[in-house]
Amino acid sequence: MRIRIISVGRDKEFTAAAAEEYAARLCRFVDLDLVELSAASGPSAKEREAERILARRLPRGELWVLDQRGSELTSIEVSRRIARLRDSTLDLSLCIGGDEGLAPAVVQAAAFSWSLSRLTLPHRLARVVSLEQLYRAFEILRGGPYHK
């Protein structure tokens, strides 16, 4: 199984270390690609970002988006979704928008829309939280002590 996290914007110092830590842990379980796209500006910026995001998704598997209007899941529910993909030998592309969010074209192309919280999170912090939750999902699946 491969996971590609496609995010708009670059990590800041305070989130970069945490993202790197969880990415390193997650690499024990899957082939992980972290793709950071530069933010577009001006009119139709989100649409230009959408084209670049959709071009970078993995060719087979599911596309998930982080969206505040998406479904909230428990960590166990995330692990079940990951297990379904893993057992079907499908890949996962997870998209995280920039400051302005994701264009409708990306949300419509997604098989699943995931909300991390009803709170509004900075997109770089959402990247850290999603990496941690994916790592937690694999720890749950292996029966490790991380998930208490």
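**Close-up A. The second largest pocket of the predicted model.** This pocket is lined by 18 residues, and Val8, Ala39, Gly98, Asp99 and His123 lie nearest its centre. Two elements, α2 (45–56) and α5, each give two or more residues to the lining. By residue class, the lining of the second largest pocket holds seven nonpolar, four polar and seven charged residues. The space in this second largest pocket is about 230 Å³.

**Close-up B. The largest pocket and its lining.** About 510 Å³ of space lies in the largest pocket. Its lining consists of 25 residues, with Leu66, Asp67, Gln68, Gly101 and Leu121 nearest the centre. Two or more residues come from each of β3 (62–72), α4 (104–109), β5 (112–115) and α5. Strand β3 gives the most to this lining, with four residues. The lining of the largest pocket divides into 12 nonpolar, eight polar and five charged residues.

**Close-up C. Helix α1 against helix α5.** The axes of α1 (residues 13–26) and α5 (residues 123–142) come within 9 Å and cross at roughly 20°. Angles under 35 degrees count as roughly parallel, so α1 is roughly parallel to α5. The crossing of α1 past α5 is left-handed.

**Close-up D. Residues in the contact of α1 with α5.** From α1, the contact is made by Thr15, Ala18, Ala19, Tyr22, Ala23, Arg25 and Leu26. From α5, the contact is made by Arg124, Leu125, Arg127, Val128, Leu131, Glu132, Leu134, Tyr135 and Phe138. The residues of this contact comprise 11 nonpolar, one polar and four charged.

Conventions. Residues numbered from 1 in each chain as written. Predicted model: local features only at pLDDT ≥ 70, side-chain atom pairs only at ≥ 80, totals over all residues. Heavy atoms only, no water. Axes fitted to C-alpha atoms, helices over the stretch in contact; angles between N-to-C directions. Parallel < 35°, antiparallel > 145°, perpendicular 65-115°, else oblique. Left-handed = near helix turned anticlockwise from the far one by under 90°. Contact = heavy atoms within 4.5 Å. Nonpolar A, V, L, I, M, F, W, Y, C, P; charged D, E, K, R; others polar. 1 Å grid on protein atoms, 1.4 Å probe; cavity = no way out; pocket = protein on both sides within 12 Å on 5 of 7 lines; lining within 4 Å. Points joined across faces, edges and corners; volume = space filled by probe spheres on them.
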